[in-house]
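Biologist: Please put the model up, and I'll ask as we go.

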Amino acid sequence: MSWETIRKDPATRAAAAMPDPDAERARFTWEAARARLSGLPGGGLNIAHEAVDRHVAEGHGGEVAIRWLGRDGARREITYAGLAGDAARFAGVLAARGFGPGTRVFSLLGRVPALYAAALGTLKAGMTFTPLFAAFGPEPIRARMEIGGAEVLVTTAALWRRKLADWAGGLPSLRLVLIADGEEAEVPAGCTALAPAMAAAPERFPTHPTGPEDMALIHFTSGTTGRPKGAVHVHAAVIAHAATGRFALDLRPGDIYWCTADPGWVTGTSYGIIAPLANRVTMVVDEAEFDVRRWYGILAAERVTVFYTAPTAIRMLMRAGRDAAQGHDFSALRFLASVGEPLNPEAVVWGAQVLGRPFHDNWWQTETGGIMIANTAAGDIRPGSMGRPLPGVTAAIVARDEDGTVRECAAGAIGELALRPGWPSMMRAYLHEEARYARCFAGGWYLSGDLALRDADGYFWFVGRADDLIKSSGHLIGPFEVESALIEHPAVAEAAVIGLPDEAAGEIVKAYVALKPGFAPSEALEREIRGHARRRLGPAVAPREIAFRQSLPKTRSGKIMRRLLKARELGLPEGDTSTLEADER
Ligand code: ATP
Ligand code: MG
């Protein structure tokens with residue numbers, strides 16, 4: 001890689017929440033991480049208790065937990081004590097209607113205060129919480145509520161009418177629909193208004209004495225590679241959320257933290273609710289969708305210190321050009337991180353140039369429940385690398401031999417990214433899919449389905465999804481490497497790369513490219529971009545064909561769906577497209 005390592009100076013290292021990653025790794029145990037939490041009397045563990053009640057009990061109830069920014073300019077601050085009260089009332093609303101531990105509670109909400117009360121209240125009552133993307137259409141909502149056996153749904157009047165009213169009566173498990181709009185909303189027939197019910201509920205609710213292995217969350221995967229799976233997580237996950245929030249996001253009490261993930265995605269819960277609250281930060285919650293000016297405005301005006309976002313958003317900021325960032329004061333920013341897709345080295349460096357800090361890429365999955373591999377605040381960054389395993393995480397690159405045995409690969413070799421099971425936020429099941437779950441494990445490893453390599457210094461480099469690897473004339477080509485080279489070209493905003501069958505080469509590399517504003521597709525530009533890629537990657541790896549697209553197909557969580565481009569190119573069935581952004585379908 002031609003990108004230079006970004007070295008952290010001694011002052012930055014010393015100031016980090018984890019100043020010496022190697023020393024921390026050597027002494028770290030998950031038992032010790034658990035001991036930092038408060039726990040429940042009698043040995044129990046409950047996520048909501050660690051996220052809010054504990055802080056109130058320790059005298060921090062007056063600190064701000066959520067600084068909510070409404071779409072229309074409204075602004076509301078919710079303290080830890082306030083949030084604890086809201087969660088208790090939500091739990092009380094459900095208990096008063098006969099629901100008890102184990103109840104499956106679903107949310108279909110944007111970033112509104114009721115979401116946080118619902119998530120934490122559900123967990124406090126020992127019930128199981130599942131968030132859904134508010135932007136989903138009726139079909140993906142129905143499929144997930146059916147698989148998850150939803151008993152309670154929290155949503156808005158408009159979402160209910162538009163997406164559920166027609167069919168949800170036929171869902172046998174569903175017994176209560178709570179409408180979270182303000183009191184002025186007209187409540188649809190058969191539904192219950194949440195605000196008055198909460199106002200009538202007591203301010204206190206005894207936290208259910210959940211054990212660490214009790215079910216807490218069901219998260220559906222993004223569906224990038226196929227039909228989404230329901231990953232089951234338990235209350236012990238909070239041990240990992242709290243620890244990785246410190247290690248990978250550098251969170252500490254008093255931080256102003258902004259996680260832009262949608263609440264319907266695992267990041268929106270693990271790092272949009274649990275990890276930040278467990279670390280007693282103030283979370284900025286913006287109700288609105290992505291908007292370049294709004295985002296720069298929030299980063300500056302709210303004095304955000306830690307920012308956690310996704311490559312697709314970073315590429316959109318980059319696409320808008322540097323001028324858009326002019327005139328804003330980003331001096332409060334201390335740490336920037338990214339997750340969800342490979343982060344192009346270009347984007348890491350752009351962060352340093354435009355926001356004053358480099359982006360720190362980290363890697364995890366719905367299944368792992370929390371961050372596993374990361375570029376940390378004290379660690380040097382190798383742009384394009386996902387970083388190194390966090391303390392408590394053992395990661396390796398493995399290959400499966402023909403007889404099924406799993407062996408570790410040497411440094412530099414491409415193989416499947418594998419983790420040694422045992423960290424607390426690991427999924428405990430795929431709902432109703434035992435065989436699929438069992439297939440994730442072999443030879444004492446959890447196999448992630450992602451291909452990567454580890455360099456001699458222990459940094460991990462993402463190569464692609466196992467299904468996306470391209471084999472061309474004897475070369476193994478990871479789409480990410482090609483995409484990163486393409487977006488270095490000044491005209492290219494985003495790129496997706498796939499392999500197409502070819503008689504001579506086995507497969508040839510094809511790229512889809514979305515251009516930055518001010519550039520128009522042309523044969524000359526295609527030639528120029530191909531030439532750039534050839535110089536950068538060599539003729540064997542550079543794309544043979546480039547097609548221009550207005551935009552690339554993405555899941556709701558912003559991940560490029562290469563399998564769909566390939567299916568369309570080859571005229572094959574498209575598979576599950578329910579998680580696709582609607583305008584791409
Ligand atoms: P499905 O499993 O249903 O196809 P998905 O894998 O996209 O969906 P998630 O669990 O939301 O669902 O995404 C995790 C995946 O996202 C990882 O396995 C990896 O492929 C990709 N990913 C996440 N972070 C990174 C990263 N920093 N670099 C590269 N890829 C990443
Ligand atoms: Mg996956």
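**Around the ligand**

Biologist: Which element gives the largest share of the shell around ligand 1?
Modeller: Strand β14, with 3 residues (strands are DSSP E runs of at least two residues, helices H or I runs of at least four, both numbered from the N terminus). This is a predicted model, where local features need pLDDT of at least 70, side-chain atom pairs count only at pLDDT 80 or more, and totals for chains, interfaces and linings use all residues. Residues are numbered from 1 along each chain as written, chains are lettered from A and ligands numbered from 1 in written order, and side-chain values use heavy atoms, without hydrogens and water.

Biologist: How many residues surround ligand 1?
Modeller: There are 24, each with a heavy atom within 4 Å of the ligand. T221, T224, T225, T366 and D450 are the closest.

Biologist: Which polar side-chain atoms lie by its oxygen atoms?
Modeller: One of T224 is 2.3 Å from a ligand oxygen, one of T366 is 2.6 Å away from a ligand oxygen, and for K559 the distance to a ligand oxygen is 2.8 Å. A polar contact is a pair of N or O atoms within 3.5 Å.

Biologist: New topic. What is the strand order in the open sheet of 9 strands?
Modeller: The order is β2-β1-β11-β10-β12-β13-β14-β15-β16, with mixed pairing (two strands pair if DSSP finds at least two bridges between them).

Biologist: Which strands stand at the edges?
Modeller: β2 (75-79) and β16 (388-389). Each has a single partner strand, so one side of each has no neighbour in the sheet.

Biologist: And how many bridges join β12 to β13?
Modeller: 4, between residues 306-309 of β12 and 335-338 of β13, and the two strands run parallel. V306 stands opposite F335 in β13.

How values were computed
A polar contact is a pair of N or O atoms within 3.5 Å; within protein, one must be able to donate a hydrogen and the other to accept it, and residues adjacent in sequence count only if both atoms are side-chain atoms.
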